Amino acid sequence: MSHPATVLIVGAGPTGLSMALNLKRYQIPFRIIDAQMKPVPTSNALAVQSRTLEVWDDMGLIQEALRRGVKINELKMYDHDKNIVSIDLNTLDSAYPFVLGLAQHETEKMFLDALSQENITVEMPVELIDFSEQQENIRVQLRHADGREETIYVDWLIAADSGHSFVRKKLNLAFKGRELPQHFVLADFILEKNIAAHKAMLFLSQSLLALFHYAENEVRLIADVSMDPELKSAKTLTDEQIFRLIKERCPFPLTIQKILWTSGFWIHERLISQYAHNRIFFAGDAAHLHSPVGGLGMNTGIQDAYNLAWKLALVIRGRAKKSLLSTYNSERHTVGKKLLRGTGILTTIMTLHNVFWRRLRNFLYSWIFKYKNNQKRMAMTISQLTITYEKSLLTHNGGMRMPYVGVLHQQLFEQVRGTQFCLLLFSGKNNSLTEIQKLKNQIEQKYVDVIKCVLITTKNTLIENWKGRSVYDNNGRIHQYYRMHKSGFCLLRPDKYIGFIGKLSEADALLDYLNEFLKD
Ligand SMILES: Cc1cc2nc3c(=O)[nH]c(=O)nc-3n(C[C@H](O)[C@H](O)[C@H](O)COP(=O)(O)OP(=O)(O)OC[C@H]3O[C@@H](n4cnc5c(N)ncnc54)[C@H](O)[C@@H]3O)c2cc1C
C-alpha cells in the first residue's frame with residue numbers, strides 16, 4: 001500500500017536525516033528511505049563544526065549532541081616535537097566555540113532517536129530503483145527487503161543518496177572534478193593514556209599524520225601514505241603498520257589499548273552541475289565530494305538540508321512563490337564550489353612531499369599563525385561561520401549569518417529560534433515606537449504566520465509599552481553588532497542568515513522585497 005507523502009527523501013545518511021528532521025519542524029509530510037540499515041557501523045565523519053552546532057541549537061538537538069560528543073578546544077601543529085601552531089577555538093564568535101568530536105554513527109543515531117520521538121520511521125532497507133518526472137509530480141518505484149515493488153507519486157524528491165547518487169546518474173547530470181593523487185589511511189583506536197585530550201594534533205615533520213578525539217578515549221588517526229612504499233595503496237592496516245606510522249611521525253608516546261577500525265581511501269573532488277532539477281533537489285555527498293581535510297563534508301550536507309527545508313516548506317504550504325526554490329541552487333552551489341577549492345588547496349599544502357617545500361611551509365605557518373587574528377581567521381573559516389550568501393538574489397544588504405553578540409546572545413536567540421523569519425526592530429536612540437509599531441502592523445497584517453517581530457531596545461521604558469517579543473539591549477551591544485546607530489530593522493531568514501538590513505525609512509523596500517518571494 002502506498003502512503004501519501006509530499007516529499008520523498010532518498011538516503012538516510014546525515015543529510016537525508018537532517019532534511020527529515022527539518023521538514024518535520026515545518027509539519028510537511030514526507031517519507032524517508034534507505035537501501036541500507038542505519039546508522040552506519042563505522043565512525044566516518046567525526047568533526048562537527050561550530051556552524052552545524054548553531055544549526056542543531058535551532059533544531060533542538062544541541063544538548064543531546066553535547067552529551068554524546070567531546071569538545072575540541074584547540075588545534076595544534078607540530079614540526080617534530082616543536083609546537084609551531086596553536087589555534088585556540090575558544091576565540092570563535094559563536095555560542096559554540098569548539099569543534100565537537102562525534103562519530104558519524106552517533107550523529108546518525110541522535111537523528112534517528114529524534115525522528116522516532118516524533119513517531120517517524122526511516123524505511124530501511126527500501127531502495128529507490130526508478131523514477132520518472134511528470135508534469136506535476138514524480139513517479140517513483142521502490143523495492144522493499146522482501147523483493148516487493150511499490151509505485152508512489154510524490155511532489156518533490158530529495159536526493160541525499162551518496163556520492164554514487166542513482167538519481168544524479170539517471171538524470172545524467174554532470175559531476176565534474178578530479179581524483180586527488182594522495183592516498184590516505186585512517187585508524188580508530190582506544191588510547192590507554194589520554195595524552196591528547198580535547199585537542200586535534202597535526203604532525204608535519206614528514207608526510208601528514210593527524211590525531212583527532214571523537215570520544216573521551218577514542219582517537220582517529222589519519223595519515224597521508226602516498227610516499228610510503230608499503231602503504232601507498234593499502235585498504236586496511238595491520239597493528240604493526242599503525243605502530244610504525246605513529247613511531248615514525250608522532251614524537252609523543254601513545255599507548256594504544258585496542259584498534260577499532262582501519263581503512264584506506266583516495267579522495268574524489270567533484271561537484272554536481274546543478275543542485276536542483278525541476279522537482280528534484282540534491283544535497284550532501286550526492287552534490288559534492290571533496291577532501292576530508294578540515295572535516296567539512298558531513299557538515300556541508302547538514303547545512304544544505306537546513307538551507308533547502310524552509311524554502312521547500314514555504315512553497316509547499318503555499319506561502320512562497322516557486323521562484324524561491326531557485327535560490328537553493330544559487331546559494332549552495334556557490335558554497336560547494338568554494339568548499340572544493342578550499343579543501344583542495346588545503347590538502348595540497350598539508351601533504352607536501354618535497355622536503356624543501358615542507359620546511360618552508362612549516363616556517364611560514366609558525367610565522368603566520370603566531371598572530372592571533374590569523375589564527376582566528378583560520379578558525380572562523382574552518383568552522384564554517386564565515387559562509388555568506390552575499391550575492392544571493394535573496395540578499396538585500398546582508399547575507400552573513402546572524403552575528404554572535406556575546407553575553408546577550410542566548411537571550412536574543414531564544415526569541416529568534418524556530419521556523420519563522422524574524423524581523424528584529426531596533427529602536428536606536430528613539431523614544432517613540434510609532435514608526436516601529438507601524439512596520440510591525442504591516443508585517444503582521446500579511447505575514448503573521450511566517451514572520452515574527454522582536455523589538456531590540458536600550459530603553460526599558462519602551463518595553464513596558466510594547467505588546468510582543470522584546471530584548472532589552474542594556475549596554476547597546478546588540479545595536480553595535482548589527483551596526484544600528486539609528487532605528488532600523490534586520491530580517492533574519494528561518495536559517496538565521498540576514499536577508500535584509502536597513503533603516504526604518506526603508507520599510508517600503510522591505511515590503512517590496514518580501515512581496516518578491518512570499519505570497520500574501
Ligand atoms: C572513511 C570516511 C571518513 C570520513 N571522514 C569525514 C570527516 O572526518 N569529516 C567529514 O565531514 N566527512 C567525512 N566523511 C564524509 C562523510 O561521511 C560524508 O560527507 C557524509 O556521510 C555524507 O552524508 P550524506 O547523507 O550526504 O551521504 P551518505 O552518508 O553517503 O548517505 C547516503 C545514503 O543514501 C543511501 N542510498 C544510496 N542510494 C540509494 C537508493 N537508490 N535508495 C535508497 N537509499 C539509497 C545509502 O545507503 C546511504 O545510507 C568521511 C567518509 C568516510 C567514508
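Colleague: Which strands does the 4-residue hairpin join?
Modeller: The hairpin joins E8 to E9 through 4 residues. Helices (H or I, at least four residues) and strands (E, at least two) are DSSP runs numbered from the N terminus. This is a predicted model, where local features need pLDDT of at least 70, side-chain atom pairs count only at pLDDT 80 or more, and totals for chains, interfaces and linings use all residues. Residues are numbered from 1 along each chain as its sequence is written, and side-chain values use heavy atoms, with hydrogens and water left out.

Colleague: How many bridges join E8 to E9?
Modeller: 6 bridges join E8 (residues 127-133) to E9 (residues 138-143), and the two run antiparallel. Two strands pair if DSSP finds at least two bridges between them. Ser 132 stands opposite Arg 139 in E9.

Colleague: Changing topic. What is the order of the open sheet?
Modeller: The order is E2-E1-E11-E18-E17, with mixed pairing. E2 (30-33) and E17 (276-277) stand at the edges with a single partner strand each, so one side of each has no neighbour in the sheet.

Colleague: Do E1 and E2 pair in what sense, parallel or antiparallel?
Modeller: Parallel, over 4 bridges, with E1 covering residues 7-10. Val 7 stands opposite Phe 30 in E2.

Colleague: Which helix lies across E1, E11 and E18?
Modeller: H7 does, running at about 170° to E11 (156-159). Axes are lines fitted to C-alpha atoms, for helices over the stretch in contact, and angles run from 0 to 180 degrees between N-to-C directions.

Colleague: How many residues of H7 are buried?
Modeller: 19 of its 20. Buried means under 20% relative accessible area, with a 1.4 Å probe and protein chains only.

Colleague: What span should H7 have?
Modeller: At 1.5 Å a residue, H7 (residues 297-316) should span 28 Å, and its end C-alpha atoms are 28 Å apart, which agrees. The expected span is 1.5 Å times one less than the number of residues.

Colleague: And H8, where do the axes come?
Modeller: The axes of H7 and H8 (residues 326-350) come within 10 Å and cross at roughly 170°. The two helices are therefore roughly antiparallel, a term for angles over 145 degrees.

Colleague: Which H8 residues meet H7?
Modeller: Thr 327, Tyr 328, Glu 331, Arg 332 and Leu 339. Among their H7 partners are Asp 304 and Lys 311. Contact means heavy atoms within 4.5 Å.

Colleague: Last one. What takes a positive phi just after H7?
Modeller: Gly 318, at about 75°.

Key: Buried means under 20% relative accessible area, exposed over 50%, partly exposed in between (1.4 Å probe, protein chains only). Angles under 35 degrees count as roughly parallel, over 145 as roughly antiparallel, 65 to 115 as roughly perpendicular and the rest as oblique.
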